[in-house]
Amino acid sequence: MTFSQDLSIDTRYSLQAPCGLPSPLRSSLSSHTRSSSTPPSTRLSTAQHSEDHDEYREPTSLDDIEEPDTLMSCFGTLSISSLPPISPKGVNASGPIITRFPKPPPPRPSSILGTREEQRKIYLGPKLSDRATGGPDAGPLIDRFSCLFQDQYDCVSNPKGIVSLGVAENFLMQEECLELISTALKDNFTPLDLSYGDSLWGSRRINRALAGLYNDYFDPAEEVKPEQIITGVGCSAVLDQLFYTLMDEGEGILLAAPYYTGFDRDLIGRGRVRLIPVHVPIGEAAFGPESLKMFEEKLEEVEKEGIRIRAVIVCNPQNPLGRTYPRSTLLAYAKFCEEKDLHLVSDEIYALSIYDNEGKFNYISYKQSEADRLKAHLFELNSDFPQADPFTSMLSLNVEKELGIEFDKARLHVVYGMSKDFCSNGLRVGSLISQHNPLLLRAMANTSMLMKISSPADVIWSTLLLDSKRLKSFINTNKLKLTESHKFTRNWFIERGIEVSNSNAGNFIWVNLGKKLKFENSIIEKKIFQKLLDGGVYIAPGSAYHYHIAGWFRVTFTVPRGNLIVGLGRIERLLNLRPLSELKFE
Ligand SMILES: Cc1ncc(COP(=O)(O)O)c(C=O)c1O
């Protein structure tokens with residue numbers, strides 16, 4: 001069978017609710033009746049609000065507000081501190097807790113967009129919505145990113161530009177991607193692709209292709225069916241729509257810190273929910289099941305302050321730490337969410353970007369100098385990670401069987417997309433798999449046209465996913481390139497005496513400049529970040545990921561090798577980091 005035959009679409013069913021979902025919402029509701037034992041709060045967000053809940057509370061101070069003077073602090077402004085205020089009343093978790101579609105919050109005096117009076121200085125036209133202008137403002141962040149993107153390094157056209165080692169983009173498979181794009185569009189783009197298509201949930205083609213991917217590579221406990229998937233323009237859009245549907249304004253989500261900065265933008269921007277970092281232990285313990293104890297403590301703490309926790313996010317493989325979670329920890333997450341009746345969202349966008357990190361570094365040729373002994377010691381500290389866990393998808397857990405407890409599968413939602421494992425951030429394709437919550441998918445379909453992926457992107461990904469041989473080769477080639485590039489970059493830092501966290505997944509490593517440069521506070525971290533940016537290289541500081549320990553930075557290693565070498569060279573020069581082998585010992 002050729003690709004085009006394989007991708008052909010049967011249009012007989014267009015305009016019907018795809019894949020067997022009941023058509024009217026009411027029947028969807030009645031067809032999915034939860035058992036009476038099922039606790040109520042995995043409910044979706046509600047469109048009604050009762051008058052007696054219609055109040056705000058004072059802001060909580062669960063996170064620090066940074067001054068918006070750097071890119072890093074701009075990330076900081078998108079924190080819990082910029083959420084709608086809640087009232088000082090009702091600090092009792094069991095009382096009336098959360099406003100349901102409350103009156104629009106008054107513009108916060110400390111908002112970057114300013115008070116109404118301040119806003120009037122720059123805008124005299126008819127009033128804009130409080131919803132959009134009264135909340136967190138990413139203006140300085142947007143300005144900084146505009147600068148960064150406009151002044152990107154290019155060895156020929158802009159050699160003085162900024163080398164970006166701070167964005168999770170994988171450039172290692174560009175040739176393969178360009179080849180795929182041209183063949184896919186040539187062979188498989190059909191006239192139907194010029195229409196609105198055949199499904200609100202994506203397209204019947206991509207849902208079928210994605211179901212195949214999940215069944216072949218995510219080892220699901222139950223077969224994934226096309227109708228359990230909804231697609232959107234990248235995981236960011238999917239996360240926005242998902243949380244908009246799951247939760248109401250002001251409700252809270254727990255997640256382990258450090259965490260991916262984009263969650264702030266994606267979840268708070270429109271959904272106005274609260275992201276509450278849980279500062280799990282550092283090092284290996286961050287990935288252990290015991291870390292869930294800290295979730296429990298944090299939940300109790302914030303519920304006392306009147307914040308209702310409704311969901312937990314687990315990012316596996318973890319961004320920014322670049323590591324997979326062991327199965328036992330994922331089960332502990334599931335257990336915690338069941339006990340506390342929370343939604344569990346697993347962001348698995350790096351699922352197939354797992355590389356080998358077994359510490360077989362070819363070039364160690366020891367001469368017993370002091371420098372070599374120190375270097376060998378650092379290798380011991382940093383290089384061996386044979387105990388890295390393989391990737392385990394939340395979809396693969398059979399919680400009831402593995403833990404012997406009840407588990408309501410309607411609470412589990414997995415997010416996955418094309419940006420990272422398929423090296424195509426720009427194509428904007430993401431998806432949600434929720435195997436036991438048809439109501440969620442139905443509710444999301446109400447607004448799914450806002451995030452419907454374009455048909456060229458749909459054709460491109462479907463072409464690859466439906467060609468099992470090409471798919472396997474793509475994934476394996478990417479893995480080899482990740483392994484090589486990771487090793488190169490990790491070694492570069494180790495050679496300069498810099499601690500690198502153990503990692504086995506993703507596009508970045510997590511390095512401790514603080515220890516090497518002997519600083520422990522976030523102001524210096526900010527200064528280092530700014531110095532590097534001014535000197536033409538961008539790496540992402542730990543505080544942007546809500547990390548409470550200063551000195552850590554996330555460094556992307558999946559950029560073209562030439563850019564990587566120039567970027568690392570600038571870091572070396574600006575921070576005076578010399579290879580240990582060049583150090584002179586008395
Ligand atoms: C953990 C995580 N989730 C979601 C996203 C957003 O991905 P997308 O490009 O699909 O919007 C990213 C991008 O960096 C990410 O790292």
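The structure is a predicted model, and within it the protein has 20 helices and 13 strands. Of its 586 residues, 47% count as buried. Among contacts with a separation of 6 or more, 77% are between residues 24 or more positions apart.

**The seven-stranded sheet**

- An open sheet of 7 strands, with mixed pairing, is arranged in the order β2-β8-β7-β6-β5-β3-β4.
- Strands β2 (229-232) and β4 (274-278) stand at the edges with a single partner strand each, so one side of each has no neighbour in the sheet.
- On average, and with direction ignored, neighbouring strands of this sheet are turned by 25 degrees against each other.
- Within the sheet, strand β7 (residues 412-417) and strand β8 (residues 430-433) run antiparallel and are joined by 4 bridges, with G417 standing opposite G430 in β8.

**Helices that pack on the sheet**

- Helix α9 lies across β2, β5 (309-315), β6 (343-347), β7 and β8, and the helix runs at about 40 degrees to β8.
- Helix α12 (residues 327-340) also packs on the sheet, where it touches β5 and β6, and its direction makes about 170 degrees with that of β5.

**The shell around the ligand**

- There are 14 residues around the ligand, and those that come nearest are G234, C235, S236, G417 and S419.
- Helix α9 (residues 234-246) gives the most to this shell, with 3 residues; this is the helix that lies across β2, β5, β6, β7 and β8.
- G417, one of the residues that come nearest to the ligand, is also the residue that stands opposite G430 in β8.
- Sorted by class, the shell has 5 nonpolar, 8 polar and 1 charged residues.

**The contact between α7 and α16**

- Helix α7 (residues 174-188) packs against helix α16 (residues 455-465) at an angle of about 105 degrees, and their axes are 9 Å apart; that angle makes α7 roughly perpendicular to α16.
- On the α7 side the contact is made by L180, I181, A184, L185 and N188, and on the α16 side by P456, V459, I460, T463 and L464.
- By class, this contact has 8 nonpolar and 2 polar residues, and no charged residues.
- An α-helix has 3.6 residues a turn, so residues three or four places apart point the same way.
- Helix α16 is mostly covered, since 10 of its 11 residues are buried; among them are V459, I460, T463 and L464, which also take part in the contact with α7.

- In strand β13 (residues 552-556), 5 of the 5 residues are buried, so the strand is largely enclosed by the rest of the structure.
- Strand β10 (residues 508-512) pairs with β13 in the antiparallel sense over 5 bridges, and N512 stands opposite W552.
- Strand β12 (residues 540-541) pairs with β13 in the antiparallel sense over 2 bridges, and here A540 stands opposite R554.

**Cis peptide bonds and positive phi values**

- A cis peptide bond joins N316 and P317, with omega at about -5 degrees, and P317 lies in the loop between β5 and α12.
- A cis peptide bond also joins N319 and P320, with omega at about 15 degrees, and P320 is found in the loop between β5 and α12.
- D341, in the loop between α12 and β6, has a phi near 55 degrees, which is a positive value in a residue other than glycine. D341 has 16 other C-beta atoms within 10 Å and is therefore partly exposed.
- H546, in the loop between β12 and β13, likewise has a positive phi, near 60 degrees, in a residue other than glycine. H546 counts as buried because it has 26 C-beta neighbours inside 10 Å, where 20 or more are needed.

Definitions and conventions:
Residues numbered from 1 in each chain as written. Predicted model: local features only at pLDDT ≥ 70, side-chain atom pairs only at ≥ 80, totals over all residues. Axes fitted to C-alpha atoms, helices over the stretch in contact; angles between N-to-C directions. Parallel < 35°, antiparallel > 145°, perpendicular 65-115°, else oblique. Contact = placed C-beta atoms within 7 Å. Nonpolar A, V, L, I, M, F, W, Y, C, P; charged D, E, K, R; others polar. Near = placed C-beta within 6 Å. Buried ≥ 20, exposed ≤ 12 C-beta atoms within 10 Å, placed from the backbone. Pairing = 2+ DSSP bridges.
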